[in-house]
Amino acid sequence: MLYGSPRVVSDVMTHTVVAVGRDALFKDIVTLMQEWKVSALPVLAGEGRVIGVVSEADLLPKEEFRDSDPDRFTQMRRLADLAKAGGLTAADVMSAPAVTVHPHATLAEAARIMAQRRVKRLPVVNSEGLLEGVVSRGDLLRLFLRSDEEIAEEVERAIVPFLFPAPCHPVRVAVSDGVVTLAGPFRDTSLVPVAIRLVRAVEGVVDVECRVEHGGPRETVAASQV
């Protein structure tokens, strides 16, 4: 990976994935979810093409409407859920087409899709729609488990010498709870936005600040300002 390029889904996705065919029975789907401790399963057809996803939300209508007799208004408003309540197979209850992501999508793109479509997991598919893995919210958040020491070491090794080589005055790096602070004279202040972008791309970084030191008071530039 070129330094500073965003991490992509294939860097963090789970490759071993449990999936079902369109004819999988309702009870078997529930059993698989319990055994694998997942909240959704891709539904596959043919050689592994993703045609839908069965989630816990798709299964719950069967319990919700099990003993109820919904009025006409509810029937009209919840037509899709009522159909799923009577479903017997994955094809009956799945959400289709599936909300998927490609392995080369950035983590930011994956997070945006999850937020907009209100899903917790995304099947990862290649250009032909074949399943390659699954990425979850937890996979995306795992990046922030790196220690402050690890983050500081990477910034000092891979970014500072690249942007501010000797004989420049050394730029100091401090990291606290994932927030990186770069401090120094920054003779070429045009490099400050570049430094912030590169540091922000480091795995585990929560935010970035640059403290530009002149002869007088220090000037702080936050990542949100560039």
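Reader: Where is Val 119 placed?

Author: The model is a predicted one. In it, Val 119 sits in the loop between helix H7 (107-117) and strand S4 (121-125).

Reader: What makes Val 119 partly exposed?

Author: Its relative accessibility is 21%. Buried requires under 20% and exposed requires over 50%, so Val 119 at 21% counts as partly exposed.

Reader: Which residues does Val 119 touch, not counting those up to four places away in sequence?

Author: Met 114 and Arg 137. As for Ser 39, which is 80 residues apart from Val 119 along the chain, the two C-alpha atoms are separated by 10.0 Å.

Reader: Which residues of helix H3 are buried, and how do you know that they line one face of the helix?

Author: In H3 (residues 56-64), the buried residues are Asp 58, Leu 59 and Pro 61. Seen down the axis of H3, they fall within an arc of 140°, so they line one face. The face turned away from that buried side carries Ala 57 and Leu 60, which are exposed.

Reader: What do the buried residues of H3 pack against?

Author: They pack against helix H2 (26-36), strand S3 (49-55), helix H5 (79-85) and helix H6 (90-93).

Reader: Why is the pair Asp 58 and Lys 84 called a salt bridge?

Author: The cut-off is a side-chain nitrogen of Lys or Arg within 4 Å of a carboxyl oxygen of Asp or Glu. For Asp 58 and Lys 84 the closest N and O atoms are 2.5 Å apart, so the pair meets that rule.

Reader: Why is Lys 84 called buried?

Author: The relative accessible area of Lys 84 is 14%; the limit is under 20%, so the label is buried. Asp 58 is buried as well.

Reader: What else does Lys 84 meet?

Author: Its side chain makes a polar contact with the side chain of Ser 95 at 3.4 Å. Leaving aside neighbours within four places in sequence, the residues in contact with Lys 84 also include Pro 61, Asp 92, Val 93 and Met 94.

Reader: How many salt bridges does the rule give?

Author: Four. One of them joins Glu 154 to Arg 146, with the closest N and O atoms 2.7 Å apart; Glu 154 and Arg 146 are both buried. In another, the side chains of Arg 157 and Glu 153 meet at 2.9 Å, N to O.

Reader: What separates Arg 157 and Glu 153 along helix H9, and is each of them exposed or partly exposed?

Author: They are four residues apart in H9, which means about one helical turn. Arg 157 is exposed, because its relative accessibility is 52% and the limit is over 50%. Glu 153, at 39%, is partly exposed.

Reader: Which residues of the largest nonpolar core touch the most other members?

Author: Of its 23 residues, Val 155, Val 173, Val 180, Leu 182, Phe 186 and Val 199 do. Helix H11 (191-200) is among the elements that each supply at least two residues, and H11 gives the most, with five. Apart from this core lies another of 16 residues, among them Val 18, Val 20, Val 43 and Ala 45.

Technical notes: Residues numbered from 1 in each chain as written. Predicted model: local features only at pLDDT ≥ 70, side-chain atom pairs only at ≥ 80, totals over all residues. Heavy atoms only, no water. Buried < 20%, exposed > 50% of the residue type's maximum accessible area, 1.4 Å probe, protein only. Contact = heavy atoms within 4.5 Å. Arc of directions from axis to C-beta. Core = buried A, V, L, I, M, F, W, Y, C linked by side-chain atoms within 4.5 Å. Polar contact = N/O pair within 3.5 Å; in protein donor to acceptor, adjacent residues only side chain to side chain.
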